[in-house]
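Hi,

Here is the structure I said I would pass on. Have a look at it first, then read my notes below.

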Amino acid sequence: MNPLGKTQEELVKELQKLRESEERYKKSQEISHVGSWVLDIKNNTFWGSDEGKRIYGFNMDTDIFTAEEVMKCVVERDRVDQAMVDLIEKNEPYNIVFDIIPRNSSEKKTIQSVAELVREKNGNPLIVTGVLRDITDRKLAEDEIKRKNEELQLVNAEKDKFFSIIAHDLKSPFNSFLGFTKMLEEDLPTMTLEQIQKIADSMRKSAINLYNLLENLLEWSLMQRGITTFDPASFLLMPKISESIGSILQSAAKKEIEISYYIHDELVVFADEKMLGSILRNLSSNAVKFTPRGGKVTFTAKPSSNRSVEISVQDTGIGMNQEMVENLFKLDIDTSRKGTENERSTGLGLIICKEFIEKHGGKLWVESEEGKGSTFYFTLPNDEG
């Protein structure tokens, strides 16, 4: 008999149970990706479980698992150190999420660690016991859910915008038509030629606005459904600009707005012709719309870096404040306003411009100041490469 009063056979059985229990504990940590650790403050030692070592990328047989070596893997070391200081000195809860880069790896992991402090009877800190868990998969799933929610919010905002345009902006031009037709029906025999000419002019403006709006709605709808074709090719820029802005030349002439070009005749872009036409049509229409009578709209294009062309549309119009500029390409924020002669605007055209330009790998930006006009810049590739 041994001093514990147990036979050799009983001791072997208990030792076997202890080993089995330890293996089950290790297996449960491995399955749940949970490791444990102990920091002995009094003796300045650190211990970590096998799963803790695995999470940090340590070799369980050869690597020394010390607090110093562990902290070398931590991305935000100061924040983790401060959490430990707050636990020991202020008794604040230690429950922290942080990123690590495990040994011999370049991929980040996200860790959650929870710990408790044990003190001596006199209040001095004795040991910190903690668990750590690899929550990388959970964090990725949460990020994906967040991204999907943001996409859903954007889709809902786009639908709201779409219905708002249909309900309000389509209704207004039709009301104008109805009013004009009623006036012609009731008063045509007594109208002068000048009065009829004014009504015809107003009806034409409404028709142009309505046509442009319907065209933008169609392009936007096709784009949202993912069925917009993208067929880029190389062609001269200047003839395309002349063709695309033809519809706004009469409006510009009536407002006595001067149209200028600073574009080399041989400058080539690599783009989808239909999309570029829509971009130029929307930007030029806005420039004329928000430029007062007697103003100027200037088209400029020049080769830029990375085999691209920088194109700009500059006006001497009413301009925008910084808040309007920041919200200009956000569909869920209403940035619409009337032109200098009460021309209607929805803001949808700029959203289309941005998406079409980004489809080409380019970017769109604006510089503007209230009372001093706006300049819209965008880039397009100048070759297939």
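This is a predicted model: local features need pLDDT of at least 70, side-chain atom pairs count only at pLDDT 80 or more; totals for chains, interfaces and linings use all residues.

Let's start with helix 12, which covers residues 348–359. With 12 residues at 1.5 Å a residue, helix 12 should span 16 Å, and its end C-alpha atoms are 17 Å apart, so the two agree. Its buried residues are Leu348, Gly349, Leu350, Ile351, Ile352, Cys353, Phe356 and Ile357. Just after helix 12 comes Gly361, which has a positive phi of about 85 degrees.

Next, strand 12 (residues 373–381). How many of its residues are buried? The count is 9 of 9, so strand 12 is mostly covered. Gly373, Thr375, Tyr377, Thr379 and Pro381 point one way from the strand, Ser374, Phe376, Phe378 and Leu380 point the other way, and all of them are buried.

Strand 12 has two pairings to look at. With strand 10 (residues 308–315) it runs antiparallel, joined by 7 bridges; Glu310 has Thr379 of strand 12 as its bridge partner. With strand 11 (residues 364–369) the pairing is also in the antiparallel sense, over 6 bridges, and here Ser368 is partnered by Ser374 of strand 12. Strands 11 and 12 make a hairpin with 3 residues between them, and in that turn Gly371 has a positive phi of about 80 degrees.

One residue I'd click on is Thr298, in strand 9 (residues 296–304). Is Thr298 buried or exposed? Its relative accessible area is 9%, so Thr298 is buried, the cut-off being under 20%. Leaving aside neighbours within four places in sequence, Thr298 is in contact with Ser260, Tyr262, Ser312, Val313 and Gln314.

Now to the other end of the numbering. There, 5 strands form an open sheet in the order 2-1-5-4-3, with antiparallel pairing. Which strands are at the edges? They are strand 2 (45–48) and strand 3 (94–100), each of which pairs on one side only. On average, neighbouring strands of this sheet are turned by 20 degrees against each other, direction ignored. Strand 1 (residues 34–40) pairs with strand 2 in the antiparallel sense over 4 bridges, and Leu39 has Phe46 in strand 2 as its bridge partner. Helix 4 (residues 77–90) lies across strand 1, strand 3, strand 4 (109–119) and strand 5 (125–134), and it runs at about 165 degrees to strand 3.

Last one: helix 8 (residues 237–244), where Leu237, Met238, Lys240, Ile241 and Ser244 are buried. Why do these sit on the same side of helix 8? Because they cover an arc of only 160 degrees around the axis. As background, an α-helix has 3.6 residues a turn, so residues three or four places apart point the same way.

Cheers

Key
Residues are numbered from 1 along each chain as its sequence is written. Side-chain values use heavy atoms; hydrogens and water are left out. Buried means under 20% relative accessible area, exposed over 50%, partly exposed in between (1.4 Å probe, protein chains only). The arc is that of the directions from the helix axis to the C-beta atoms. Two strands pair if DSSP finds at least two bridges between them. The expected span of a helix is 1.5 Å times one less than its number of residues. Contact means heavy atoms within 4.5 Å. Axes are lines fitted to C-alpha atoms, for helices over the stretch in contact, and angles run from 0 to 180 degrees between N-to-C directions.
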